[in-house]
Amino acid sequence: MVIFFTSKAVNPSATIYMGRDKVENEELLKYGLPTDIWFHVDKLSSAHVYLRQKPEQSHGEWDNLPPALVMDLAQLVKANSIEGNKKDNITVIYTPFTNLKKSGDMAVGQVSFHSDKKVKRIHVPSRDNAIVNRLNKTKIEKEVDHESERQERLREEGKKKRDEAIERAKKEQEQKKIWEEEKKARSYDGMYTEEAFAEKEQWSDDDFM
């Protein structure tokens, strides 16, 4: 089961999701989007919480997200950490999905990073019940066929690339036609100039005679 939340701290609203347990977390590590952003309590066990960033509905670069949205995610992570939820002054870390590193010798649900420089931290002084309750009211649990979603996404991306290639080829043909017409016009200009010069020479000869 995947658990979804909606953050209305930003407009348009943002989709947040997480696995129900570490086994589901492992599945999410296989099927996350390159634009997703991963959140976790630093140095403590917690849920793996993701911000779903779609190209057509982006809330900014991963390291420049709206503070209110980041705090929603941080509070949700804290609330879904058995130990972290009981503590004040914890740190939540977040990074792009593409920076997550998973190797065969790691335990289920465990990850590391390709680059520590691409990890940001936010201090959470205490649990904010208003934020947590607001997010929990939007909570939806559902079964997700990750592979089917991935295949559908690949089909959509493939169609988009084909459409873009067709449009690009069309524009190139239009530009080529413009260039050819301009070249042809320049050739006509040169021809008219030579004819005019020849006529002028003829008139000069007549005048001389």
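Guide: Read along the sequence, the pattern is β-β-α-β-β-α-β-β-β-β-α-β-α. That comes to 4 helices and 9 strands. Helices (H or I, at least four residues) and strands (E, at least two) are DSSP runs, numbered from the N terminus. The model is predicted: local features need pLDDT of at least 70, side-chain atom pairs count only at pLDDT 80 or more, and totals for chains, interfaces and linings use all residues. Residues are numbered from 1 along each chain as its sequence is written, and side-chain values use heavy atoms, with hydrogens and water left out.

Now the sheet. It is open and has 7 strands, in the order S8-S5-S3-S4-S2-S1-S9, with antiparallel pairing. Two strands pair if DSSP finds at least two bridges between them. Strand S8 (120-124) and strand S9 (140-142) stand at the edges. Each has a single partner strand, so one side of each is left without a neighbour in the sheet. On average, neighbouring strands are turned by 25° against each other, direction ignored. Axes here are lines fitted to C-alpha atoms, for helices over the stretch in contact, and angles run from 0 to 180 degrees between N-to-C directions.

Take strand S4 (residues 49-52). Val 49 and Leu 51 point one way from S4, while Tyr 50 and Arg 52 point the other way. All are buried. Buried means under 20% relative accessible area, exposed over 50%, and partly exposed in between (1.4 Å probe, protein chains only). Across the whole protein, buried residues make up 32% of the 209 residues.

S4 has a neighbour on each side in the strand order. Strand S2 (residues 14-19) runs antiparallel to S4, joined by 4 bridges. In that pairing, Thr 15 has Arg 52 of S4 as its bridge partner. Strand S3 (residues 37-41) is also antiparallel to S4, over 3 bridges.

Step on from S3. S3 and strand S5 (residues 90-96) pair in the antiparallel sense over 5 bridges. Val 41 has Val 92 of S5 as its bridge partner. Helix H1 packs on this sheet, touching strand S1 (2-7), S2 and S4. The direction of H1 makes about 125° with that of S2. Contact means heavy atoms within 4.5 Å.

Look into H1 itself. Asn 25 lies in H1. Asn 25 is buried, at a relative accessible area of 5%. Leaving out residues up to four places away in sequence, Asn 25 touches Gly 19 and His 48.

H1 (residues 22-31) also holds both Lys 30 and Glu 27, 3 residues apart, about one turn of the helix. These two form a salt bridge, with the closest N and O atoms 3.2 Å apart. A salt bridge is a side-chain nitrogen of Lys or Arg within 4 Å of a carboxyl oxygen of Asp or Glu. Lys 30 is exposed, with a relative accessible area of 55%. Glu 27 is partly exposed, at 27%.

The salt bridge count comes to 8. Another one of them joins Glu 141 to Lys 139 (3.9 Å, N to O). Glu 141 is partly exposed, at 34% relative accessible area, and Lys 139 is partly exposed, at 41%. Arg 20, Lys 139 and Glu 141 are linked in a network of salt bridges.

Helix H2 is next. H2 lies across S1, S2, S3, S4, S5 and S8, running at about 70° to S8. H2 (residues 67-79) also meets helix H3 (residues 129-136): their axes come within 9 Å and cross at roughly 90°. That makes H2 roughly perpendicular to H3; the cut-offs are under 35 degrees for roughly parallel, over 145 for roughly antiparallel, 65 to 115 for roughly perpendicular, and oblique for the rest. Met 71, Asp 72, Gln 75, Leu 76 and Ala 79 of H2 meet Ile 131, Val 132, Arg 134 and Leu 135 of H3. The residues of this contact divide into 6 nonpolar, 1 polar and 2 charged. Ala, Val, Leu, Ile, Met, Phe, Trp, Tyr, Cys and Pro count as nonpolar, Asp, Glu, Lys and Arg as charged, and the others, Gly among them, as polar.
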